Amino acid sequence: MQLEQKQQIAQDLHGRFERAKIVILTDYKGLNVAAMTELRRRLKQAGIEYRVVKNSLLERAATDTPAAAIKDAFKGPSAIALSYDDPVAPAKVLTQFAKENDKLKIRLGMLGAKVISEADIKSLADLPAREVLLAQLLGVFNAVPTSLVRVLSAVPGGLVNVLNAVKEQKEQKEACLLYTSDAADELDGV
């Protein structure tokens, strides 16, 4: 490869590292062509870019980007998964594929500017899908006003119940007084 081509690749990767929300470094050693093709297909369907690049080019491209924190891990056969939108999707796809094919090793990654371990990536993969999280958030937002309306509507209802109880007590008291006054009149007449 010509020096100009290498510089172009490094510049292109540098821009990708700056834009990526998540970068996951994997070791693909031992994967055959069919398995690698299947992995690339799954990642592409999820909107994730997967690149096999020489470590020296990765190191050069990572300079002055958040990915510079993982430069020391660029050893051996390295491939990177980059996602520009959803940070959970590559973790899910790679973790699932690694379960099915033990040759793929997830090393570590970058989530924004934070280095994440293999365990962190697996935890990220266990999160519900973005749509599910948004639906849950919407449910929480919807529950607050609904609960407020229930509480506020219970106050007048409770007041009406108290007033009815007071009214019934007064009616019973009046009935008692009427009964006792009628009984007293009868005793006077005897």
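This is a predicted model: local features need pLDDT of at least 70, side-chain atom pairs count only at pLDDT 80 or more; totals for chains, interfaces and linings use all residues.

Q: At what angle do helix H2 and helix H4 pack, and how far apart are their axes?

A: Helix H2 (residues 33–45) and helix H4 (residues 88–100) pack at about 155 degrees, and their axes are 10 Å apart. Angles over 145 count as roughly antiparallel, so that's the word for H2 and H4.

Q: Which residues in H2 and H4 meet?

A: From H2 you've got Ala-35, Glu-38, Leu-39, Arg-42 and Leu-43, and they meet Val-93, Leu-94, Gln-96, Phe-97 and Glu-100 in H4. Sort the residues of this contact and you get six nonpolar, one polar and three charged.

Q: What about H1 and H3: at what angle do they pack?

A: Helix H1 (residues 3–19) packs against helix H3 (residues 55–62) at about 55 degrees, with the axes 8 Å apart. H1 and H3 are therefore oblique to each other. Their crossing is right-handed. Among the H1 residues in the contact are Ile-9, Leu-13 and Phe-17, while H3 brings residues including Leu-57 and Ala-61. This contact has eight nonpolar residues, one polar and two charged.

Q: And how do I look for empty space?

A: Rolling a probe the size of a water molecule over the atoms shows where space is left empty. Here, the count is one cavity of 30 Å³ or more.

Q: What is the volume of the largest cavity, and which residues line it?

A: The largest cavity has a volume of about 40 Å³. Its lining includes Phe-17, Ile-22, Pro-66 and Met-110. In total, the lining divides into seven nonpolar residues, one polar and one charged.

Note on methods:
Residues are numbered from 1 along each chain as its sequence is written. Side-chain values use heavy atoms; hydrogens and water are left out. Axes are lines fitted to C-alpha atoms, for helices over the stretch in contact, and angles run from 0 to 180 degrees between N-to-C directions. Helices (H or I, at least four residues) and strands (E, at least two) are DSSP runs, numbered from the N terminus. Angles under 35 degrees count as roughly parallel, over 145 as roughly antiparallel, 65 to 115 as roughly perpendicular and the rest as oblique. A crossing is left-handed if the near helix is turned anticlockwise from the far one by less than a right angle, and right-handed if clockwise. Contact means heavy atoms within 4.5 Å. Ala, Val, Leu, Ile, Met, Phe, Trp, Tyr, Cys and Pro count as nonpolar, Asp, Glu, Lys and Arg as charged, and the others, Gly among them, as polar. On a 1 Å grid over the protein atoms alone, a cavity is a set of points where a 1.4 Å probe fits but cannot get out, and a pocket is an open set with protein on both sides within 12 Å along at least five of seven lines; lining residues have an atom within 4 Å of a point. Grid points are joined across faces, edges and corners, and a volume is the space filled by probe spheres set on the points.
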